[in-house]
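This report covers selected local features of one protein chain.

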Amino acid sequence: MKPFPVLVSLVAFVLGGCAATRPVAVERAAAAPVPVVAETAGPRPDDNLNAVVWTQTAIERELLTRQAFAAAREQLSRALADPAWDALPHEEREGGIDRLEPAIIVDIDETMLDNSPYQARLVRDGASYDEFTWAQWCREERAQAVPGALEFARYAAERGVTVFYLSNRARDLNTVTLANLRRLGFPIADRDDVFLGLGTVVPGCEQNGSEKGCRRRLVAREHRVLMQVGDQIGDFVDVLANTPAGRRQAVEPYLGWIGERWFVLPNPTYGSWEPALFNNAWSLPAAERRRMKLDALDYQGR
Ligand SMILES: [Mg+2]
């Protein structure tokens, strides 16, 4: 039969062809420099990669947030039992605290809700934060709870403490933000002002930019503020000069409250600590801002 030898010949040719080309390919691979595919296939290098991947994957990050919320929970009974206990910056307390109902003030982003997927998308897409994509992310309502946050907020609410969500999310994101919080099981008190977003008007108080002082005062007019929780120092006290020295100066009087009345969560992905390094001048070219951040590194003289 003729077809068989033809088939055998064809198979032999194909195999032989493969065998014949393999040494050449191996030879080429051995001689070639390390492929540069890895550099060109993925997103371009981004200074935020380590911070975002740490936030999303390092168990240490989860342990830190749980540590903060466990400490807050531990202090809550003491705070409730002490009628003089107040976690409001001294200059923001407008009157006495007798007979005021207990409350806590918590920030939302990177405090109660984890928006690291938004940051991850920016790294992937070679993009920077902007209000439009940020609002799109918020409207997805897919943020998860920061580890430990949900348990702490529920623990506080179960003890009769009102949780105020004081956020620099825009007020028009209030519905989606509350829906996101509610779906995760965060306690949302039955009152209109439980979400205090950017743009909240506080009678008798002139807001300084996006600082939260007026909104804290608003809560404090009717409440004894037992605790504050946040990932930025502006979540606790107004910062008059956003420079490294000004930021330190703002919190210095309250260092004794850290871990007692004020609970700080880690956020290496963004925050006012960053523009503090380039005079808050986001209008500067990215390379210039980066150079100023490099200038902030400490080499101990060498
Ligand atoms: Mg925040």
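Glutamate 110 lies in the loop that joins strand 1 (101-106) to strand 2 (113-114). Its phi is near 65 degrees, a positive value in a residue other than glycine. Glutamate 110 counts as buried because 25 C-beta neighbours fall inside 10 Å, and the cut-off for that class is 20 or more.

The model is predicted. The mean pLDDT of the protein chain is 89, with 87% of its residues at 70 or more. Residues 1-30 have pLDDT below 50, and beyond near neighbours in sequence this stretch makes 0 contacts in the model.

Glutamine 300 also has a positive phi, near 50 degrees, and is likewise a residue other than glycine. Glutamine 300 is found in the segment after helix 11 (286-295). Is this residue, glutamine 300, buried or exposed? Glutamine 300 is exposed, because 4 other C-beta atoms lie within 10 Å and the exposed class takes in counts of 12 or fewer.

Leucine 184 has 16 other C-beta atoms within 10 Å and so is partly exposed. Leaving aside neighbours within four places in sequence, leucine 184 is in contact with Ala145 and Leu150. Leucine 150 is 34 residues away from leucine 184 along the chain, and the C-alpha atoms of the two are separated by 7.9 Å.

| Residue | C-beta atoms within 10 Å | Class |
|---|---|---|
| Glutamate 110 | 25 C-beta neighbours | buried |
| Glutamine 300 | 4 other C-beta atoms | exposed |
| Leucine 184 | 16 other C-beta atoms | partly exposed |

The remaining feature is a helix pair. The axes of helix 4 (residues 59-81) and helix 7 (residues 149-158) come within 9 Å of each other and cross at roughly 10 degrees. The two helices, helix 4 and helix 7, are therefore roughly parallel to each other, since angles under 35 degrees are classed in that way.

Which residues form the contact of helix 4 with helix 7? On the side of helix 4 they are Phe69, Ala72, Arg73 and Leu76, and these meet Ala149, Glu151, Phe152, Tyr155 and Ala156 in helix 7. By type, the residues of this contact divide into 7 nonpolar and 2 charged, with no polar ones.

How values were computed: Residues are numbered from 1 along each chain as its sequence is written. This is a predicted model: local features need pLDDT of at least 70, side-chain atom pairs count only at pLDDT 80 or more; totals for chains, interfaces and linings use all residues. pLDDT is the predictor's confidence in each residue, from 0 to 100. Two residues are in contact if their C-beta atoms, placed from the backbone, lie within 7 Å. Helices (H or I, at least four residues) and strands (E, at least two) are DSSP runs, numbered from the N terminus. Axes are lines fitted to C-alpha atoms, for helices over the stretch in contact, and angles run from 0 to 180 degrees between N-to-C directions. Angles under 35 degrees count as roughly parallel, over 145 as roughly antiparallel, 65 to 115 as roughly perpendicular and the rest as oblique. Ala, Val, Leu, Ile, Met, Phe, Trp, Tyr, Cys and Pro count as nonpolar, Asp, Glu, Lys and Arg as charged, and the others, Gly among them, as polar.
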